[in-house]
Amino acid sequence: MADSTSDQLANLDISEFDCPNLQRNLNILSPDYVDLAKMLIQNGQSHVFDEWPEPGVDDDEKLAFFDQIARLNSSYPGGLVQYINNAKELLADSKAGKNAFDGFTPSVPTGENLTFADENFIKYEETGVKEAKNAAFVLVAGGLGERLGYNGIKVALPSETSTGTCFLQLYIESILALQEASCRLAEGEPLKEIPLAIMTSDDTHARTLALLESNAYFGMKSTQVSLVKQEKVACLADNDARLAVDPQNKYRIQTKPHGHGDVHSLLYSSGLLNKWHDAGVKWVLFFQDTNGLLFKAIPASLGVSATKQYQVNSLAVPRKAKEAIGGIAKLTHADGRTMVINVEYNQLDPLLRATINSEGDVNCETGFSPFPGNINQLILELESYIEELKKTGGAIKEFVNPKYKDATKTSFKSSTRLECMMQDYPKTLPPTARVGFTVMDIWLAYAPVKNNPEDAAKVPKGNPYHSATSGEMAIYRAHSLILKKAGVQIADPVMHAYNGQEVEVWPRIVWKPKWALTFSDVKRKIGGNCSVSLKSTMVLKGRNIFIEGLSLNGTLIVDAIDDAEVKVEGSVQNVGWTLENVDYKDTRIPEEIRIRGFRISKVDQLEGNFREPGNYCLKP
Ligand code: UGB
């Protein structure tokens, strides 16, 4: 508790409060817990003691109750008093039907629109790789993934099943490849390790740590990785922001996740931001748990941040109307204030209806919403980020979304809580802040795994499924399209349905991030007339693999250590690997496979393993 609050509470005489159940238990409480009890009563929470029996009964549980209160108090910027006050205000606004965007009119903002492989894009990628040694990465991975309904943690899911590389491995290998490439460009300077922070929660912490430890941190030094755990926040039972007592246990307050916005206060309070600043970090890049394409977008977008000196750069993709991703909008208030900010998907439609379009969230003539879609990859400039957090402590503007029993809005169907989103960080920035965004092709930048097969199959036709099926297929499509741009003849895709979702099936092409991070890297490693047929799978796992005039009709796997330089050429013909439909309801099949709707049958392949330094040629 803040010192001034503690002093005020110390002067209060608890016997004057009308709370007999607490008063008769006072002698079991430490002075700190007595202060917490006073704070609760002062803030309209005496009901939490309604069911408390006399001293001597459940004393341990009573102390455990105060342990929980102490945790809830210390993990929220401004403590529980602030939480309760914020809740009262937001609940009153919600009851009055007041919208957070009242008085604002949305319009379509202008940002940096990038086209893959053009001159501009290549230039930004180069700048981004140079700058990467000054970056720190932050993965928000505290979410349970209720929409996906997967039993494990989402970062442990395979991003694709040709190699089985899980999301966390893909992310770490991408960061290590960026670190290596960036430091190589900064010849003569000492090697810089790019830090990675992972925000976990009670739902994900132990399993994330176990995944890292059982895989030797996927090649990263364990000291490079920091885990910060978000706490849940107290649930609220009614419009007076009375804390909800757990129906199963009268000595506990119900809690729920507070949202990904917690990442800012945690980075600040953990001291990581200052540590990074002292180590020369300039950029902090935030990303989500299941987007297998995101590192394809990072070099260019970091290049944009560095070139334009953006304090905030949000990555975006063209958005389909009603897609469950926020829309980036310029909001202009009647009093002249403006900001460029994410309007969350559930708020965009009512805001548009109330202001500029009676039809709400609809596509325009391009076939997309005019508002770019937020993919929640943010690049913040560290110096100004720290300055801002010194003022706010990392508190992010919150919202509340109570489900009312009826139109009187006097009671809730179930308890609610305050929530916050990491992309709302710019809301407290002054209008002079340099806030921009970068729009990329969807196929290159965004294919999250968020929806379970049943819900994905119900997505309106033409909208992305955001499922394990579409997430994996998007990885193959992106690699195929990149090679196509680099001059490789790639067979056209076919449409096929898996788990009731029609997806484009391309050749299954995957490479490790160290093989190529940028389009220029790809072009350097491909030569001659190359072609890949639709039935093909190609996996490249080495830094120095060069493809020369290859004709691939089957499966080719090349795995080489860094000191082995391998040239692959000629015509590869074999039965290859095939895709077999499986049903997501078939519980005999492992969950991470059946949620995709297909299984890869690895029938035949040409495989080259190069474990000794040297120059090699792989030719069938
Ligand atoms: N997360 C946490 O770490 N802690 C939490 O308490 C909650 C989540 P969801 P959401 O790109 O598709 C976001 O649930 O919130 C992590 C944007 O708000 O997958 O519905 C969680 O582990 C939206 O504007 O997404 O929607 C995960 O890594 C749009 O950009 C991440 O936060 C959308 O993502 C996102 O959580 C999108």
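How many aromatic pairs does the count come to? I started my notebook with that one, keeping in mind that this is a predicted model. The count comes to 24 aromatic pairs.

**Entry: a tilted pair.** I picked out tyrosine 171 and phenylalanine 295, whose ring centres are 6.0 Å apart with planes at 40°, so I logged the pair as tilted. I then looked up where the partners sit: tyrosine 171 is in helix H7 (residues 167-185) and phenylalanine 295 in helix H11 (residues 294-308), so the pair ties together parts 124 residues apart in sequence. Both tyrosine 171 and phenylalanine 295 are buried.

**Entry: an edge-to-face pair.** Next I checked tyrosine 404 and phenylalanine 412. Their ring centres lie 5.8 Å apart and their planes meet at 65°, which is over the 60 degrees needed, so this pair is edge-to-face. Tyrosine 404 and phenylalanine 412 are buried.

**Entry: a cluster.** I found Tyr33, Phe49, Trp52, Phe65, Phe66 and Tyr251 together in one aromatic cluster.

**Entry: charges over rings.** I noted the charged end of lysine 320 over the ring of phenylalanine 368, 4.7 Å from the ring centre. Lysine 602 has its charged end over the ring of tryptophan 577, 4.5 Å from the centre.

**Entry: the whole chain.** I zoomed out and found 18 helices and 29 strands in the protein chain. A compact globule of 620 residues would have a radius of gyration near 25 Å, and the chain's 27 Å agrees with that. I also jotted down that 55% of the 620 residues are buried. Of the contacts with a separation of 6 or more, 72% come from residues 24 or more positions apart.

Notes:
Residues are numbered from 1 along each chain as its sequence is written. This is a predicted model: local features need pLDDT of at least 70, side-chain atom pairs count only at pLDDT 80 or more; totals for chains, interfaces and linings use all residues. Side-chain values use heavy atoms; hydrogens and water are left out. Rings of Phe, Tyr and Trp (its six-membered ring) pair if their centres lie within 6.5 Å; planes under 30 degrees apart count as stacked, over 60 as edge-to-face and the rest as tilted. Helices (H or I, at least four residues) and strands (E, at least two) are DSSP runs, numbered from the N terminus. Buried means under 20% relative accessible area, exposed over 50%, partly exposed in between (1.4 Å probe, protein chains only). A charge sits over a ring if NZ of Lys or CZ of Arg is within 6 Å of the ring centre and within 35 degrees of the ring normal. The radius of gyration is taken over C-alpha atoms; the globule rule is 2.2 Å times the number of residues to the power 0.38. Contact means heavy atoms within 4.5 Å.
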